[in-house]
Amino acid sequence: MKIIACVKQVPGTSEVEIDPVTGAMKRDTVAGKLNPYDLFSLETALSLAEQTNGTVRTLSMGPPQAAAALKETLWMGAESAVLLSDRKFGGADVAATSLALSYGIREMGDYDLILCGKQTTDGDTAQVGPELAEKLGIEHAANVTKVLDVTDHDITVEIDLDDAVEVLKMHLPCLLTVNKDANTPRLPSYVKKREMDGKEEIRVITFADIKNADENKLGLKGSPTQVERIFPPDKNKEKEMLRGDKEQLSGELYRILSERKFV
Amino acid sequence: MGIKIHEELVTAESAEALVSLCPFGAIEYNDGKLSINSGCKNCKMCVRKGPAGVMTWEEETVKAIDKSLWKGIAVFAEERRGKIHPVTLELIGKAKELAAVIDHPVYAFLIGSAQDALAEELLHYGVDKVFVYDDPALAHFTISPYTAAFYDFIEKVKPSSILVGATNLGRSLAPRVAARAGTGLTADCTVLKMKENTDLVQIRPAFGGNIMAQIVTPNTRPQFCTVRYKIFSAPERNAETSGEIVRMAVTEEMLKSGTEVLEIREKPQEIDISEAETIVAFGRGLQKESDMEMVKELADLLGAQVACTRPVIEKGWLGPKKQIGLSGRTVKPKLIIAIGISGSVQFAAGMKGSDFIVAINEDPNAGVFDIAHLGLVGDLYEIVPALIEKIKEGRHV
């Protein structure tokens, strides 16, 4: 089975803050890392490849530094890795990102299965997987918790529908987004890392490499949504202490719980 | 469109300032040449805060669409085993507010099987039209037929904005439809406002909630967003119905699917406390085992999970899966009520990430009050039963 796993490099921490006085974003110096959610989809990909005598290739879009995240996928056992990197892809929203990824997959050739993490820790939308499936014209299922069976033609999975579990049999090729904690991800192999010794090959695809790419639908220009402004949230963490008799206390607590829609 | 560098104004000094200003490390200065790499997120920090005039924002004139061709605020009505998911009603409430600003109608649409009663029910909440895609083959959620029906609704009705509940189903379906319609989609909005020109202002937390982003879809329709459950308020149910039900044709073409549903099982009600959205936790302040009934009653009324501190586990009143703290589970609910808990450092470490922490304790100096957002100083044996009574009374109204 030929599998492509899509991954993303995310900031090392989500603790990005805006200075409320100057309005400047405080830059975080912690280096980027592989999106934690992608570890579970990678593990699913690698174990499926082992079961079926198949292969895993990884794909990411991002600045040149994002190659570091792809190297990690090679140490985990991916066969090869592709980085889509071009300023023309920059500033992309979900729509433009999924289009660029679909171009990347087209350049990578045949596949049976695309795997994505459920979401990323920075964008946090969980939307790229389903949009990518639409751009590729294949079926998808989100929130996969388990792969039950796989044949040459289809794959049977369990998905989480909040208060129910659905068991789906899907024709290949298809795209799955894998839930957190669906498995125990393997660690990058130290032996592989040492063998590769910094000579990992990451194929870089730029805008110019893609045949018939529609520039007007990529990057910032091709993004239907636009960020008008960013601002710090209200820090409403003020502490309130209540004293009084049981009627006053329970009454006030009831009022606050109702206001916050807990009752 | 994008950020433009004005080479003639670049000096070593201004370049260095810009390199260190960019929060994404996307500005490079090499061999006297300033450039922007693909890490640029177009946050415009360099334009607004950098040396004047070196970086400017260039707008591109695009052909404006005719927004008047798109009318109505539509809500995707999600069905859960014969019932309307409550997030649907909350979205209808918000849709009515948004529609009032621009004098648009409010629509709801249902996709499923045998939906008559549900459609009728929606007419009690003040929608102008309920569109129904009803077919036995739509009884269970599969992505292709649901996407096809949803997209058919967009093509035929042309709503200006669409709101979808950010359930697992909604979060799988909405992006698929947005991609087909070639429009944008904003996830997990917490604030929605309407501009006079029908542009929907969508505000959502970004970067782990430390920054709010205000997002618009200025030149594409429909505008499209998802909203989590319990963000907005459901409108009152009217005794009378108003509006009309419109039946939409379901074609063979729409029902084509490469996915087959083999089985659906309901999940067991009990969930791990680390996943719980509401928790009622108790500690040593509770005097005897039978008093747990009172705590359980409160938890049931709030739809909450019961949890406890380590001493309770040691007494054997509850199993270890219910323990919060360093040696137990870490929880991050939207609400936690800590009853009779002194608040050790170990306990606090397992729950201080909770959105709203209420503590009830007799001792005004209890450590738990340092981490609580709302502290009640008093006897739990008085406050908890009184609160239970008030919640029950509230239900009867």
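How many residues does helix α12 (residues 380-396) of chain B have, and how far does α12 reach from its first C-alpha to its last? The helix has 17 residues and reaches 24 Å, close to the 24 Å expected at 1.5 Å a residue (1.5 Å times one less than the number of residues). The model is predicted, with pLDDT of at least 70 needed for local features and 80 or more for side-chain atom pairs, while totals for chains, interfaces and linings use all residues. Residues are numbered from 1 along each chain as its sequence is written, chains are lettered from A in the order in which they are written, and side-chain values use heavy atoms, without hydrogens or water.

Buried residues of α12(B) include B:Leu380, B:Ile383, B:Leu387 and B:Lys390 (buried: under 20% relative accessible area, 1.4 Å probe, protein chains only). Their cover includes α6 (246-259) of chain A and, from chain B, α8 (292-302), β19 (335-339), β20 (357-361) and β21 (374-377). Helices are DSSP runs (H or I) of at least four residues, strands (E) of at least two.

Helix α6 (residues 168-181) of chain B meets α4 (residues 128-136) of chain A. Their axes, lines fitted to C-alpha atoms over the stretch in contact, come within 8 Å and cross at roughly 40 degrees. Contacts (heavy atoms within 4.5 Å) involve A:Glu131 and A:Lys135 of α4(A) and B:Arg171 and B:Arg176 of α6(B), among others.

Within chain B, α5 (residues 143-157) packs on α6(B) at about 55 degrees, with axes 9 Å apart. This pair is therefore oblique. Contacting residues include B:Tyr146 and B:Phe150 of α5(B) and B:Leu173 and B:Val177 of α6(B).

Terms used: Axes are lines fitted to C-alpha atoms, for helices over the stretch in contact, and angles run from 0 to 180 degrees between N-to-C directions. Buried means under 20% relative accessible area, exposed over 50%, partly exposed in between (1.4 Å probe, protein chains only). Angles under 35 degrees count as roughly parallel, over 145 as roughly antiparallel, 65 to 115 as roughly perpendicular and the rest as oblique.
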